[in-house]
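Below is a short report on one protein chain.

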Amino acid sequence: MRQERILVVDDEAAVRSIVSAILERSGYATVDANGAEEALVHLKEDPGYDLVMSDVMMPGMDGLSLLDRIGVDYPGTPVVMFTAVHDIHVATSAFRRGAIDYLLKPFERNQLLNVVTRAVEHGKLRKQNSTYRQNLEEMVSARTGRLRATMQDLERSYDITLEAMGDALDLRDAETEGHSKRVTGYAIALAREMGLNADELKVIARGAFLHDIGKISTPDEVLLKPGKLNAREMEIMREHCERGYEMVRKIPFLHDASEIVYAHQESYDGSGYPRGLMGEEIPLGARIFAIADTLDAITSDRPYRKGRSFAEARAEIERCSGRQFDPEIVEVFLRVPVERWSDLRAEIMRMSPAAVSSTLCRPVVAMAMAGD
């Protein structure tokens, strides 16, 4: 089989050597470049790399400028950025300019390999989709089945993008790391118990996973404040619902999910925010999410308290039925044995980051809720 080829760009020879050694031991072929200019020479001579991994801070042309050039001259080539500078604004800029993922130095071997596997797969899917788009008219009549498979692959590519967006948020708020995965699993499980169809599950999965994406724009002094927020800080924090909605609604495949992002802090009795929606004015996905979010909040550890049991969380959700939560959905939630929620949490936390997007709506949740 053909080896995937990776171009490793860094002005530090030691970093290039370590990254290349790890990748080559895992079956990849690597080429080194000591800066952006040398990387462009390699790409001009041979543009067929499966992945480019580039440092951000380099003398001369920096990594973000290299990312821009690759996007123009070699569209479809996946790029992963890495840096020792822990700056969310740099990470956000990299994603906006087309990076597939972002690694902070020093990174562990498994971290590197997970990111590379995901990025190389994304690149393959991009190439497949591009090929089929170019020949679409000819293929529609003769290869309908293959076209359907390609669109399914494109869906997987979308979910890889979602995972990268979720990782960007985890860089900001390490305290709630894993929260998005867990609430997504809980929300899908509850939605399945209600009998929702596959398309509805997909929307709920994406909305739940990205519910807090607006916090990327929340200032550090508010988002990371260890103590209680004052009135002005609380007002700023509450802006994340609308900010997240404005970010997500512009992406076509996330348009429906954006309504969950916008309404995920609304309460059934109208006391929530940002719009004070009441009852069925709140999208169904957001009403389901509210229960999943509270379930995770109560059962997860925080620096200022230990997580409580799922039985205690169940009792609290039942107590708030009709006020914070839709009573009909609470009834469905109460039908699920407590042990299934704890089993589901354990299953979700065993999932690797690379597996999150591929299991959002399928095996893990289905197995846990079926008791297999």
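Of the 372 residues of the protein chain, 49% count as buried, meaning under 20% relative accessible area, with exposed over 50% and partly exposed in between (1.4 Å probe, protein chains only). The model is predicted: local features need pLDDT of at least 70, side-chain atom pairs count only at pLDDT 80 or more, and totals for chains, interfaces and linings use all residues. Residues are numbered from 1 along each chain as its sequence is written, and side-chain values use heavy atoms, with hydrogens and water left out.

The chain has 18 helices and five strands. These are DSSP runs numbered from the N terminus: helices are H or I with at least four residues, strands are E with at least two. Among contacts (heavy atoms within 4.5 Å) between residues at least 6 apart in sequence, 65% join residues at least 24 apart.

**The sheet**

Five strands form an open sheet in the order β2-β1-β3-β4-β5, with parallel pairing. Two strands pair if DSSP finds at least two bridges between them. The edges belong to β2 (29-33) and β5 (101-104); each has a single partner strand, so one side of each lacks a neighbour in the sheet. On average, neighbouring strands are turned by 20 degrees against each other, direction ignored.

Strands β3 (residues 51-55) and β4 (residues 79-83) run parallel and are joined by four bridges. V52 has V79 of β4 as its bridge partner.

Two helices pack here. Helix α2 (residues 36-45) lies across β1 (5-9), β2 and β3, at about 135 degrees to β2. Helix α4 (residues 88-96) touches β4 and β5, and its direction makes about 155 degrees with that of β5. Axes are lines fitted to C-alpha atoms, for helices over the stretch in contact, and angles run from 0 to 180 degrees between N-to-C directions.

| Bond | Omega | Loop holding the proline |
|---|---|---|
| K105 and P106 | about -10 degrees | between β5 and α5 (109-134) |
| Y273 and P274 | about 10 degrees | between α13 (255-263) and α14 (284-299) |

**A cavity**

The structure holds two cavities of 30 Å³ or more. A cavity is a set of points on a 1 Å grid over the protein atoms alone, where a 1.4 Å probe fits but cannot get out; lining residues have an atom within 4 Å of a point. Points are joined across faces, edges and corners, and a volume is the space filled by probe spheres set on them. The second largest cavity has about 40 Å³ of space. Its lining includes Y268, R287 and F325.

Conventions
1 Å grid on protein atoms, 1.4 Å probe; cavity = no way out; pocket = protein on both sides within 12 Å on 5 of 7 lines; lining within 4 Å.
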